[in-house]
Amino acid sequence: MSADEHSKVGSLSAPQALTPSNTMSTSIPLPVPEPNADSRAYWAAAREGRLTVRQCLACGERHFMPRGQCPVCWSDALEWIDCSGFGTVYSLSIVHRAPTPDFAAITPYVTALVALEEGPRMYANIVGPGALESVIGDRVRVVFERRGEAGMQIPQFTRVAGQSGGSAA
């Protein structure tokens, strides 16, 4: 790595936080999910701007990631339910070093484990104003990032104004 590249990676001055209006646009070719039989309905809902999770009809457990069986009782009697789109930051990390070259243009960025109001936790990025100031306990709401040519939308979260948690969950 050249000295110029090294100083760029380590620089934290005035980072460009992503906002819903400039959220990782198609000008940056980021990876696009490839839906499978278990996740096809999830991604179809995301294209419509809806966040969904699975609920087991046998035991009532709600869960995320999309899968064909309940992770609690192993029943395959599942339904999709719409979520409110609100949650709380349970854990987070600010990524300063891109995991692959695709992500280099958007560092630093925040990846977080969000506890949804409906119970499940899911990983996503926190984007928008103040994203880099996110803390555990922050209240967040879902926004959708358009990615790829086929209209794929990726659920991300943005902080809810005036509702910083600031304490461990």
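Where is the place of Trp74? Let's start there and then visit the other close-ups; keep in mind that this is a predicted model.

**View 1. Trp74 and its positive phi.** Trp74 has its place in the loop between strand S2 (62–63) and strand S3 (78–82). Its phi is near 70°, a positive value in a residue other than glycine. Trp74 is also exposed, with a relative accessible area of 58%.

View 2. Going from Thr107 to Pro108, the peptide bond is cis, and omega is near -5°. You'll find Pro108 in the loop between strand S4 (86–95) and S5.

**View 3. Glu117 meets Arg139.** Here's a salt bridge: Glu117 pairs with Arg139, and their closest N and O atoms are 2.5 Å apart. Glu117 belongs to the loop between strand S5 (109–116) and strand S6 (121–127), while Arg139 is in strand S7 (residues 139–147), so the pair ties together parts that are 22 residues apart in sequence. Glu117 is partly exposed, with a relative accessible area of 45%. Arg139 is partly exposed too, and its relative accessible area is 23%.

**View 4. Arg159 meets Asp138.** Another salt bridge joins Arg159 to Asp138, with 2.8 Å between the closest N and O atoms. Because Arg159 lies in strand S8 (residues 152–159) and Asp138 in the loop between S6 and S7, this pair ties together parts that are 21 residues apart in sequence. Buried or exposed, what is Asp138? Asp138 is buried, with a relative accessible area of 0%. Arg159, on the other hand, is partly exposed at 24%.

View 5. Arg147 forms a salt bridge with Glu145, and the closest N and O atoms are 2.7 Å apart. Both of these residues, Arg147 and Glu145, are buried.

**View 6. Aromatic rings around Tyr42 and Trp43.** How many aromatic pairs does the structure hold? There are four aromatic pairs. In one of them, the rings of Tyr42 and Trp43 have centres 4.9 Å apart and planes at 75°, so this pair is edge-to-face. Tyr42 and Trp43 are both buried. Ring pairs also link Tyr42, Trp43, Phe64 and Trp80 into a cluster.

**View 7. A charge over a ring.** Take a look at Arg121 and Tyr90: the charged end of Arg121 sits over the ring of Tyr90, 3.6 Å from the ring's centre.

View 8. In soluble globular proteins, nonpolar side chains tend to be buried together. The largest nonpolar core here has 23 residues, and those with the most contacts inside it are Leu51, Leu116, Met122 and Phe157. Helix H2 (40–47), S5, S6, S7 and S8 each supply at least two residues of this core. Which strand gives the largest share of this core? That's S5, with four residues. A second, separate core has five residues, among them Val95, Phe103, Ile106 and Tyr109.

Note on methods:
Residues are numbered from 1 along each chain as its sequence is written. This is a predicted model: local features need pLDDT of at least 70, side-chain atom pairs count only at pLDDT 80 or more; totals for chains, interfaces and linings use all residues. Side-chain values use heavy atoms; hydrogens and water are left out. A salt bridge is a side-chain nitrogen of Lys or Arg within 4 Å of a carboxyl oxygen of Asp or Glu. Buried means under 20% relative accessible area, exposed over 50%, partly exposed in between (1.4 Å probe, protein chains only). Rings of Phe, Tyr and Trp (its six-membered ring) pair if their centres lie within 6.5 Å; planes under 30 degrees apart count as stacked, over 60 as edge-to-face and the rest as tilted. A charge sits over a ring if NZ of Lys or CZ of Arg is within 6 Å of the ring centre and within 35 degrees of the ring normal. A nonpolar core is a set of buried Ala, Val, Leu, Ile, Met, Phe, Trp, Tyr and Cys residues joined through side-chain atoms within 4.5 Å.
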